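Open the structure in your viewer and keep the selection tool ready. This tour moves from the whole chain to single residues.

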Amino acid sequence: MTQQRALAFLLALTLGFAPVAARAALIPGPLADLQVQLAQASLHAPGHVALEIKDLATGAMSAINPDANMPAASTIKIPVMVEVFRQIELGKFDLNRMVTLSASDRDWGSGDLAGARSGSRYPVSKLLMLMITVSDNTATNMLIRLVGRWNINHTMADLGLSNTRLGDYIRSDGDIRALRTSPADMVSLLESMARDQLIDSWSSREMIAILSGQRHNSLLPEPLPRGLQIAHKTGTLHDTLNDVGIVYLESTPYIIAVLTTHLSDLDAGARFIQGVSKMAYTALQRFAEARTDASPPGLSLGGAPAPKPAATDDWMLEGR
């Protein structure tokens, strides 16, 4: 075992992640180096952290505490979106379905829709865009009411996501920690999406297009090259900061999920997530350059470039 890999094992053992470190010792140099960097960074983290990074061309990964059950904050809005598209695929409604705002939907914690007049009606396409790109809580509650909280949780369980649960509607003054997930769950969900296998190909591509229009870009995208496509969703609580997404590195995506909680302050959490994002991009860029075969037999990443983010807010007014 090299000195770096031995250090990765010892650091991970200290943090309680020896199985992950043992796997890291078997993966190629750039990702083994990344595991060392992640373990070192986690020793100095500003709170409790959990993360997973996965290269989709090979399946190689690096992780710290990937199965930790963590506060999801607004990353839980990805599972809500998945259930919306599942019910569209079942034919229950389409993107043009109008949903009426009721007083019980309102939450002032994020987004402006809470200030709209009761009885206002919005298409599902608009609510999806507001829920993801500006993290509007009221739009989210309208969609939860449309598809059913039980159905969201049941679909996540059917997908094998044991740590992902929507315990309540989105209430900024309620038990927001009732929204739970883990890095491994989010990576699994986004991997299926990146491979055009979440619900179906059309649904996967529509969801990626929505996530690519994200307007909160101060975490994972901040240290990366401008213009790089990143389909992602953030989440914030008073002591929690998360960002999960698909990074389209030279047409070969990787998945990254970084969850942090019990932070000393949010700025420290932001610096940690930005640092992990930069480490991952650098390592996976080196890894991609070193590979002689970026697409092993049997691997499918969907067969076409990812959909580009929309240019306008009404980009999805054509229903399925």
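Each stop below names what to select and what is there.

**Before you start.** This is a predicted model: local features need pLDDT of at least 70, side-chain atom pairs count only at pLDDT 80 or more, and totals for chains, interfaces and linings use all residues. Residues are numbered from 1 along each chain as its sequence is written, and side-chain values use heavy atoms, with hydrogens and water left out.

**Whole chain.** Show the protein chain as a cartoon. It has 10 helices and 10 strands. Helices (H or I, at least four residues) and strands (E, at least two) are DSSP runs, numbered from the N terminus. Of the 320 residues, 55% are buried, meaning under 20% relative accessible area with a 1.4 Å probe, protein chains only.

Stop 1: Select strand S1 (residues 48–55) and strand S2 (residues 61–64). Four bridges join them, and they run antiparallel. Two strands pair if DSSP finds at least two bridges between them. Click Leu51: its bridge partner in S2 is Ile64. Five residues lie between the strands of this hairpin, where Gly59 takes a positive phi near 85°.

**Stop 2: an open sheet.** Three strands make it up, in the order S3-S7-S6, with antiparallel pairing. Strand S3 (70–71) and strand S6 (165–166) are the edges, each pairing on one side only. Now select strand S7 (residues 179–181). Two bridges join S7 to S6. Leu166 stands opposite Leu179 in S7.

**Stop 3: helix H8.** Select residues 183–194. Among the buried ones are Pro183, Asp185, Leu189, Glu191 and Met193. From first C-alpha to last, H8 reaches 16 Å, close to the 16 Å expected at 1.5 Å a residue; that span is 1.5 Å times one less than the number of residues. Step on to Asp196, which follows H8 and has a positive phi near 65°.

**Stop 4: two packed helices.** Select helix H3 (residues 29–43) and helix H10 (residues 266–290). Their axes, lines fitted to C-alpha atoms over the stretch in contact, come within 9 Å and cross at roughly 170°. H3 and H10 are therefore roughly antiparallel, a label for angles over 145 degrees on a scale from 0 to 180 between N-to-C directions. Contact means heavy atoms within 4.5 Å. Show side chains: the contact includes Leu34 and Leu38 of H3 and Val276 and Phe287 of H10.

Technical notes:
Parallel < 35°, antiparallel > 145°, perpendicular 65-115°, else oblique. Buried < 20%, exposed > 50% of the residue type's maximum accessible area, 1.4 Å probe, protein only.
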